[in-house]
Amino acid sequence: MRRSFGLLIASIAINTNLFAAEAGMPQLDPTYWASQAFWLILIFSILYISISRFYLPKIKDNLDNRENKIKEDLENANKFKEQSEDKLKEYEIILENAKKEVNKILFESKNILDKNIQSKKQSMEKEIEKEIAIAQQEITELKKKSISSIQNISENIASNIIENISGDKLNESSIKSAVEDISKKNIGKYL
Amino acid sequence: MQQFTVHKIGPEIKIGGIDLSFTNASLFMVISASIIILFLFLGSKEKKIIPNKTQLIAEMFYTFVAKMISDTAGSKAKPYFPFIFSLFMFVLFCNMVGMLPYSFTVTSHIIVTLILALFIFVAVTIIGFVKHGFKYLSIFVPSGVPAVLLPLITVIEIISYLSRPVSLSVRLFANMMAGHTMLKVFGGFVVSLGILGGWLPLSFSVALTGLEILVAFLQAYVFAILTCIYLNDALNLHH
C-alpha cells in the first residue's frame with residue numbers, strides 16, 4: 001500500500017510535468033470565444049423557443065389532463081360511494097319496515113288466535129257446564145229415586161228381620177213410619 | 001488538457017472579421033440540444049394517462065424544475081419557467097454528454113458559462129428595475145443593520161451582487177474542468193503504472209466517474225437554483 005502510494009506521488013510528478021509541457025488552458029485562448037458565444041446563443045435560443053413553444057405546453061397539458069382525470073375519477077368514486085350509501089340506507093329502511101310488518105302480522109295473528117281460543121274455550125266451558133248440569137240433575141234424580149227405593153228396601157229388610165227375630169208380623173205402617181223417621185234423621189248425612 | 005481544446009470543423013465562417021466557425025464545441029452543443037429535443041419529443045408524443053418510461057422521466061423533469069422554481073422564487077416566477085427549464089436541461093445535458101469518453105464538455109469552457117451567467121445577471125437586473133423602478137436599489141441596503149455598519153454592508157452587497165455572474169460561471173466551469181482533469185490524471189496513472197500498479201488509480205477512476213456524474217447533475221441543479229434565487233431577489237423585494 002505504502003509502495004503504491006509512493007508510486008502514485010512519483011507518477012503525479014511525471015504527469016504534471018507532462019501537462020506543463022502542453023500549452024496552458026485552452027479555455028483562456030480567445031481564438032474561438034466569439035464562435036462559441038455565437039453558437040451558444042444560437043443553439044440555446046433555438047432550444048429555448050422549441051421547449052417553450054412546443055414541449056412544455058404539451059407536458060403541462062398532459063399533467064393537467066392526468067390531474068383532471070384523477071380528480072374526476074375521485075369525484076365519481078365519491079358519487080358512487082354516496083349512491084351506494086343511499087342504497088344501503090334505503091335497504092335498511094326496507095328491512096326495518098319489513099320487520100315492523102312481520103311484527104304486526106305476528107301480533108295480529110296472535111290476537112286472532114287468542115280470540116279463537118277464547119271463544120272456543122268459552123263455548124266448550126258452556127257445553128261442559130251444560131253437561132255437568134245435566135249430569136247433576138240425573139244424579140239428584142237418581143238420589144231421590146234411590147232414597148225412596150232405600151226406604152222400601154229398608155222397610156222390607158226391617159219387617160223381614162223383625163219377623164225372623166220375633167216371628168210376628170208387625171204393622172207395616174208403623175215400620176214405615178219408623179224407617180222414615182230414621183232415614184229423615186240420617187238422610188242429611190248422605191245427600 | 002487536450003480534451004478541452006477547441007478546433008474547427010468544416011469551413012471557416014467569418015462575419016465582419018470575426019471568426020464564427022463551427023467547432024467541436026458547437027457540435028456538442030448541437031448534440032446536447034438535439035438529445036434534449038428528442039427526449040422531450042418522445043416524452044410528450046403520446047398523451048397517456050398512465051405514462052410510459054420516457055414520458056414519466058420528462059414529466060419528472062418538468063415537476064422537478066417547477067417545484068424548484070415555486071419553492072425558491074414563488075408563483076411570480078412562473079413566466080420564467082421555460083427559460084429556467086431550458087437552462088437546467090441544457091447545462092445538465094452538456095455536462096452529461098461531456099461525461100462520455102472522447103466527447104467534449106461544452107460547460108467546461110469559461111466563455112460558455114460566462115455568457116449564460118451574464119445573460120442571467122443582465123436579465124435579472126432588468127427585471128428588477130422594471131418591476132420595482134429605483135426601489136430595486138434597496139437590495140443593496142439590508143434592513144435592520146446598525147447605521148455605523150451600513151456603508152460597509154452596502155459596499156459588500158454591491159460587490160457581491162456584481163460578482164454574481166463571475167461566481168455563477170466560474171463555479172460551473174471550474175467544477176467541470178477540475179473533474180475532467182482529475183479523470184484524465186487518473187487515467188494517465190493507469191497507463192503509466194501499467195498492469196502491476198494501475199489497478200489502484202483505475203478503481204479511483206471508476207469511483208471518480210460516479211462522483212463526476214453526481215457533480216454534473218449537481219452543478220446543473222446549482223446553476224438553475226441560483227438563477228431562481230437571483231430571480232427571487234428581483235421579483236420579491238423584501239430585504
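# A walk through chains A and B

Let's start with chain B, which has seven helices and two strands. Before going further, keep in mind that this is a predicted model. The C-alpha atoms of chain B fill a box of roughly 65 × 50 × 45 Å, taken along the principal axes. Of its 239 residues, 32% count as buried. If you look at contacts in chain B between residues at least 6 apart in sequence, 64% of them join residues at least 24 apart.

Chain A is built from three helices and zero strands, in the order α-α-α. Of the 191 residues of chain A, 9% count as buried.

Now for the place where the chains meet. Here 43 residues of chain B are in contact with 37 residues of chain A. On the chain B side, strand S2 (18–19), H1, H2, H3, H4 and H6 each supply at least two residues. The element that gives the most is H1(B), with 10 residues. Sorted by type, the chain B residues that touch chain A divide into 28 nonpolar, 12 polar and three charged.

What about the inside? The largest nonpolar core has 63 residues, and those with the most contacts inside it are Ile84(B), Phe88(B), Phe90(B), Val91(B) and Leu231(B). Both chains take part: helix H2 (33–166) of chain A and, from chain B, helices H1 (24–45), H2 (53–72), H3 (81–98), H4 (110–132), H6 (164–197) and H7 (199–235) each supply at least two residues of this core. To see one of these residues in its surroundings, pick Val91(B): leaving aside residues up to four places away in sequence, Val91(B) touches Thr107(B), Leu172(B), Ala220(B) and Phe223(B).

Two of the helices in chain B, H2 and H7, let you look at packing in detail. Two packed helices are described by the angle between their axes and the distance between the axes. The axes of H2(B) and H7(B) come within 9 Å and cross at roughly 35 degrees, and the crossing is right-handed. From H2(B), the residues Val65(B), Met68(B), Ile69(B) and Thr72(B) meet Ala224(B), Ile225(B), Cys228(B), Ile229(B) and Asn232(B) of H7(B). This contact is made by seven nonpolar residues, two polar and no charged.

Next, compare two helices of chain B, starting with H4. H4(B) has 23 residues and reaches 32 Å from its first C-alpha to its last, close to the 33 Å expected at 1.5 Å a residue. Its buried residues include Ile110(B), Leu114(B), Ile120(B), Phe121(B), Val124(B) and Gly128(B). What covers the buried residues of H4(B) includes H2 of chain A, along with H6 and H7 of chain B. After H4(B) comes Gly133(B), with a positive phi near 65 degrees.

Then there is helix H5 (residues 150–162) of chain B. Its 13 residues should span 18 Å at 1.5 Å a residue, and its end C-alpha atoms are 18 Å apart, which agrees. H5(B) is hardly covered, though: the count of buried residues among its 13 residues is zero.

One last stop is the loop between H3 and H4 of chain B, where you will find Tyr102(B). Most residues other than glycine have a negative phi. Tyr102(B), although not a glycine, has a positive phi of about 70 degrees. Tyr102(B) counts as exposed because it has 5 C-beta neighbours inside 10 Å.

Technical notes. Residues numbered from 1 in each chain as written. Chains lettered and ligands numbered in written order. Predicted model: local features only at pLDDT ≥ 70, side-chain atom pairs only at ≥ 80, totals over all residues. Core = buried A, V, L, I, M, F, W, Y, C linked by C-beta atoms within 7 Å. Buried ≥ 20, exposed ≤ 12 C-beta atoms within 10 Å, placed from the backbone. Helix = DSSP H or I, 4+ residues; strand = E, 2+ residues; numbered from the N terminus. Contact = placed C-beta atoms within 7 Å. Nonpolar A, V, L, I, M, F, W, Y, C, P; charged D, E, K, R; others polar. Axes fitted to C-alpha atoms, helices over the stretch in contact; angles between N-to-C directions. Left-handed = near helix turned anticlockwise from the far one by under 90°. Expected span 1.5 Å × (residues − 1).
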